[in-house]
Amino acid sequence: MTPPHQRGPAGRASADRLGRLLNLVPYLLARPGIAVAEAAADFRITERQLREDLELLWVCGLPGYGPGDLIDMALDGDRVTITYDAGIDRPLRLNPDEALALVVALRMLAETPGIGARDAIERALAKIENAAGELGDAPVAVRLPANSERLDAIRAIVERRHAMRITYYTAARDETTERVVDPMRVLMVGNRAYLEAWCRRAEGTRLFRVDRVDAFTELDEPAAPPARAVPHDVRDGVFHPGPDLPLVTLRVGRGSRWITEYYPCEEVRRDGDEWVVTMRVTDLGWAQRFLLGVGPDVTVVAPAALVDRIRAQAATALDQYAGPGPAKP
């Protein structure tokens, strides 16, 4: 990767513009009706460049990207006023710890085996390093040898066509099981690596996420998937919700709309400031754990069984806080 001090003018210009856009909204919020010429002078750019920045801000905002989500402003002749800030109401100021944490996290993401959109990650890292100044050149090297070695070792076993014994964590049921599998192939779906194999325990073809394989052992016996072991069609992803799966209805606040981008949804409709989202889940137990982790920005509407389970678990947690403290000596 090119160090920040060696990047060309185009890279520096992009990073400068990103920082300017992040600071432009709070600047304009504090100066409603400011003249375009005055704002351009304060940012040391031309009026034309400022107007181009304003045009870009008009299509920036929160997930959903519809009315009420995007930054809005009133441009009256030569004066501009921000009427909706989409949450960008203060300048971006990273302290040294925050800047270094972002650099380390992005370097780690870039080193993750099988990760997608690596170019976008490296562009974001370049911008953060440029903004971080000397911290961007900090001698922090991030490597994930365990993940890389695990994937390479599993791929080698598949190529040798040997059976495997694996210890696997199933998130949907929150349980760890030991299985003997007949490997068929290793494949990448999105940014995740999967082992596709015939599972002797389930008597079916299964996809095992490599990062959830806690342990594995190569067996001496050859892999022998039966004739009925049909590979999965993963052209549209791994999860294919069907009508037999539980249907969950949620009321989602602005801060949790990302759910609709990461999980398949059957319907998303607006209801005031909230979205009403319906989606299929593999297991209500998984939905319970997931939604409790999301927090108060999401309310479960249906099914009643899921509402009752979440209410009961929340009540149990509150009881733990209400109980008497430890006895004093």
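Which side chain makes a polar contact with the side chain of Arg-209? The side chain of Asp-211 does, at 2.8 Å.

## About the model

This is a predicted model, in which local features need pLDDT of at least 70 and side-chain atom pairs count only at pLDDT 80 or more, while totals for chains, interfaces and linings use all residues. Residues are numbered from 1 along each chain as its sequence is written, and side-chain values use heavy atoms, with hydrogens and water left out.

## Around Arg-209

Arg-209 sits in strand 7 (residues 204-209); strands are DSSP runs of E, at least two residues, numbered from the N terminus. A polar contact, as used above, is a pair of N or O atoms within 3.5 Å; within protein, one must be able to donate a hydrogen and the other to accept it, and residues adjacent in sequence count only if both atoms are side-chain atoms.

The Asp-211 and Arg-209 side chains also meet in a salt bridge (a side-chain nitrogen of Lys or Arg within 4 Å of a carboxyl oxygen of Asp or Glu). Arg-209 is buried at 14% relative accessibility, whereas Asp-211 is partly exposed at 44% (buried is under 20% relative accessible area, exposed over 50%, partly exposed in between; 1.4 Å probe, protein chains only).

## Other salt bridges

The whole structure holds 14 salt bridges. In one of them, Glu-196 pairs with Arg-185, with the closest N and O atoms 2.3 Å apart. Glu-196 belongs to strand 6 (residues 192-199) and Arg-185 to strand 5 (residues 175-189). Glu-196 is buried, at 0% relative accessible area, while Arg-185 is partly exposed at 31%.

Methods: Helices (H or I, at least four residues) and strands (E, at least two) are DSSP runs, numbered from the N terminus.
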